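Good morning, colleagues. Please look at the model on the screen while I take you through a few of its side-chain contacts.

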Amino acid sequence: MGRGKIEIKRIENANSRHVTFSKRRAGLLKKAQELAILCDAEVAVIVFSNTGRLFEFSSSGMKRTLSRYNRCLDSPNISIVENKAEKQGAKDAEDLKDEISRLQAKQMQLLGKDLMGLSLKELQHLEQQLNEGLLSVKEKKEQLLMEQLEQSRRQEQRAVLENETLRRQVEELRGFFPMAEQSVPAYLEYYPAQRKNPLVKHDAVISDVVGNGIMDKGDSDTTLYLGLPSDVSRKRKESERESCSNNSSGSQIALL
């Protein structure tokens with residue numbers, strides 16, 4: 001059995017009026033929300049009760065909807081233009097989404113993935129693109145290697161030039177200080193009074209000792225170590241031989 005029609009007029013009973021207001025208000029706000037979702041519409045509902053309480057619903061914000069409503073009141077053509085702009089914006093957004101999806105699928109195919117839906121011709125075209133890209137990468141790599149090699153050669157040439165410059169500077173400094181490289185003979189350290197005699201040299205002492213053959217190995221080593229002149233060492237050895245001969249002749253006389 002269906003419900004009967006209710007006469008649309010003010011409800012006299014306060015309690016019934018309050019209950020009916022609460023039910024129908026909730027239903028109205030629910031229908032407004034469903035209308036906004038199902039039809040992609042911008043809906044705003046404002047309700048004031050008989051006691052002054054405010055109830056509202058807006059799908060896009062009450063202030064935005066009211067400002068749009070005021071603009072439409074001032075110029076009715078604005079709503080038409082805004083509607084066209086919204087439709088064009090939605091279409092552009094859909095086109096961009098499709099383009100992004102297509103590019104992502106292309107990228108996956110270039111990586112060797114998601115190749116199930118491709119035909120033989122599409123696979124050959126993809127292979128050609130990959131070969132061309134690989135050749136481009138190799139050419140770029142060879143170019144970078146050649147640039148690095150040329151840079152290394154230039155650095156090597158600069159290093160060689162710097163070394164040559166430093167070598168010339170060292171030679172010039174050696175020319176300014178020639179005596180700094182000559183070492184002082186050892187015997188001059190033991191006999192500082194004889195340093196002024198240019199005829200006494202370490203090489204002359206060694207040649208004199210070796211040429212005459214007067215000193216034996218021990219005396220020659222001692223003479224060379226102490227830096228003694230050859231005449232002094234010869235006189236010392238002659239005196240030692242004379243003392244030895246005198247001692248031997250004295251011992252023979254004693255025995256007789």
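E42 has a relative accessibility of 25%, and it therefore counts as partly exposed. Please bear in mind that this is a predicted model. E42 forms a salt bridge with R68, and the closest N and O atoms are 2.4 Å apart. This pair connects distant parts of the chain, since E42 sits in the loop between helix 1 and strand 1, R68 sits in helix 2, and 26 residues separate them. R68, at 19% relative accessibility, counts as buried, because the cut-off for that class is under 20%.

Let me stay with helix 2. Its buried residues are M62, T65 and R68. These cover an arc of only 130° around the axis, so they lie on the same side of helix 2. The face turned away from that buried side carries the exposed residues K63, R64 and D74.

How many salt bridges does a search of the whole structure find? The search finds six. One of them joins E99 and R102, with the closest N and O atoms 2.5 Å apart. Those two residues are three apart in helix 3, which means a separation of about one helical turn. In helix 4, E164 and R168 are four residues apart, and their side chains meet in a salt bridge at 3.5 Å, N to O. Salt bridges with shared partners join E164, R167, R168 and E171 into one network.

Finally, the nonpolar side. The largest nonpolar core has eight residues, including L29, A32, V45 and F57. Helix 1 supplies the largest share, three residues.

Key. Residues are numbered from 1 along each chain as its sequence is written. This is a predicted model: local features need pLDDT of at least 70, side-chain atom pairs count only at pLDDT 80 or more; totals for chains, interfaces and linings use all residues. Side-chain values use heavy atoms; hydrogens and water are left out. A nonpolar core is a set of buried Ala, Val, Leu, Ile, Met, Phe, Trp, Tyr and Cys residues joined through side-chain atoms within 4.5 Å. Buried means under 20% relative accessible area, exposed over 50%, partly exposed in between (1.4 Å probe, protein chains only). The arc is that of the directions from the helix axis to the C-beta atoms. A salt bridge is a side-chain nitrogen of Lys or Arg within 4 Å of a carboxyl oxygen of Asp or Glu.
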